Amino acid sequence: MNVEDKGSTPVRPVPEVLAVLPAPAHRARLGHEDGPAQRLLRQEPEVLARYLAGLQEINSPLVADPEAWEQCVVQARRILMDCAVSLAEGRATVTGTEIAEVVNLGGERLRQGLHLTHSIRAGMLLLDIVLAALATAVAEAGEADAVAAVRRPRDPAEVCVDCGAPARWAEELETAVTHSHARDENYTAALRSLQEGVSRRLEIGSVGYDTFLLGRVRELHELGRRKLAREIHDQLGNSLSLAMRQLELHELRAGDDISPHVKAAKAAVLEAMDTTRQLVTELRRSNVSGSLETALKGFAASMAEAAGKVQIWVKGSDDWVPGQISEELFIIVRECLRNALRHAEAGNIVVHIDIAPHEVQAEVLDDGRGFDPGTVRGKGTSNGLDGMRERVQLLHGTVNIASTPGKGTQVRIWIPIEGQAGE
């Protein structure tokens with residue numbers, strides 16, 4: 001597709017797309033109707049229309065595919081809602097319900113034939129559009145407050161005892177300053193929510209993108225191994241069997257007068273046939289979804305709370321991980337899953353483990369209640385976290401736990417492999 005050809009992407013009528021969108025939820029958290037949060041949310045149709053027009057202008061294939069555009073709308077509306085809530089409450093809010101969806105979305109984009117760069121461009125475009133809408137909402141709310149303050153009835157006889165100026169001037173100035181500080185804090189919270197909402201979706205979506213690609217590489221690798229096994233069995237195996245048959249016929253004709261060279265040749269052919277069988281067996285052994293992934297999925301399946309909530313991906317080969325590390329990593333991730341299901345009451349949990357010959361990196365994300373890591377000392381949850389840290393430290397690794405009440409939890413684990421194979 002020529003990106004300079006602005007007419008190559010079909011134009012989708014904006015009103016027809018926006019007409020089917022459901023009304024936003026959680027409006028009770030957005031403050032009064034004339035507040036900046038409500039004003040921001042009322043711009044939703046305009047934001048989506050500008051988003052669609054912007055994608056069409058850069059000839060993004062995301063708008064040519066109805067399913068891809070629908071997914072863009074869902075994520076855009078959730079980002080806008082998070083910004084509105086943050087603007088009303090004065091603290092950055094990013095809902096965790098998108099975690100599982102966006103991880104899946106990376107693979108969906110590939111299945112739709114769309115490269116990751118299209119999602120990145122769309123994310124940056126949406127950030128600019130929502131940023132402009134946010135500034136408009138805050139400015140309009142500020143103007144409305146100023147007009148209301150001017151129109152507020154005051155006693156004209158009331159004056160300041162120090163300077164003789166109308167007392168309402170000082171009150172209005174104080175009110176304006178207070179509102180200005182509040183608007184600045186809320187605006188900053190909304191900006192942080194917008195930035196984090198877009199960046200988290202792109203980051204987590206890239207995990208699904210990489211996982212899908214790795215899955216395809218694994219499939220092709222598996223197909224190649226099986227093809228090689230067939231060729232060895234059918235070609236080399238049959239040739240060795242024929243050679244062995246000829247040697248056996250020679251033995252029958254020669255009787256007891258068998259040359260030592262023939263015996264040596266027969267032994268060599270038998271050894272080659274045995275090696276061939278072992279090689280074919282090894283090549284046909286599946287190298288996809290190793291024991292670590294199988295064990296974690298088995299644990300998740302055994303917990304009633306995990307039904308439909310847990311997604312697990314393991315990249316790399318289990319053969320690179322010494323048994324001790326594999327067992328400890330299973331226990332650590334299992335503890336993360338148990339905490340997310342039992343204590344955090346998470347709706348979605350994503351486990352991503354990346355195995356390389358020299359290290360293992362694991363990440364466990366959930367959209368549960370979250371917690372303040374500094375306030376759990378001495379509680380039951382603390383025992384599990386301390387035990388997890390101790391296990392990682394014994395493997396000479398690191399663990400980072402990031403969590404905020406109401407915003408879910410992220411656990412990142414790094415464990416080196418080199419030098420531990422013999423321990």
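Author: Two rings of Phe, Tyr or Trp, the last represented by its six-membered ring, form a pair if their centres lie within 6.5 Å. In this predicted model, a search of the whole structure finds one aromatic pair. A pair of aromatic rings is described by the distance of the centres and the angle of the planes. Here the ring centres of Y51 and W69 are 5.9 Å apart, and their planes stand at 50 degrees, so the pair is classed as tilted. Planes under 30 degrees apart would count as stacked, and those over 60 as edge-to-face.

The two partners come from distant parts of the chain: Y51 belongs to helix 3 (residues 44-57), whereas W69 belongs to helix 4 (residues 66-89), and 18 residues separate them. Their surroundings may be considered next. Buried means under 20% relative accessible area. Y51 has a relative accessibility of 4% and therefore counts as buried. W69, at 3% relative accessibility, counts as buried too.

Another tryptophan, W313, stands opposite H352 in strand 2. Strand 2 (residues 349-355) pairs with strand 1 in the parallel sense, over six bridges. These strands belong to an open sheet of five strands with mixed pairing, in the order 1-2-3-5-4. Strand 1 (310-315) and strand 4 (398-403) stand at the edges; each has a single partner strand, so one side of each is left without a neighbour in the sheet. Helix 9 (residues 291-302) lies across strand 1 and strand 2 and runs at about 175 degrees to strand 1.

Terms used: Residues numbered from 1 in each chain as written. Predicted model: local features only at pLDDT ≥ 70, side-chain atom pairs only at ≥ 80, totals over all residues. Heavy atoms only, no water. Helix = DSSP H or I, 4+ residues; strand = E, 2+ residues; numbered from the N terminus. Buried < 20%, exposed > 50% of the residue type's maximum accessible area, 1.4 Å probe, protein only. Pairing = 2+ DSSP bridges. Contact = heavy atoms within 4.5 Å. Axes fitted to C-alpha atoms, helices over the stretch in contact; angles between N-to-C directions.
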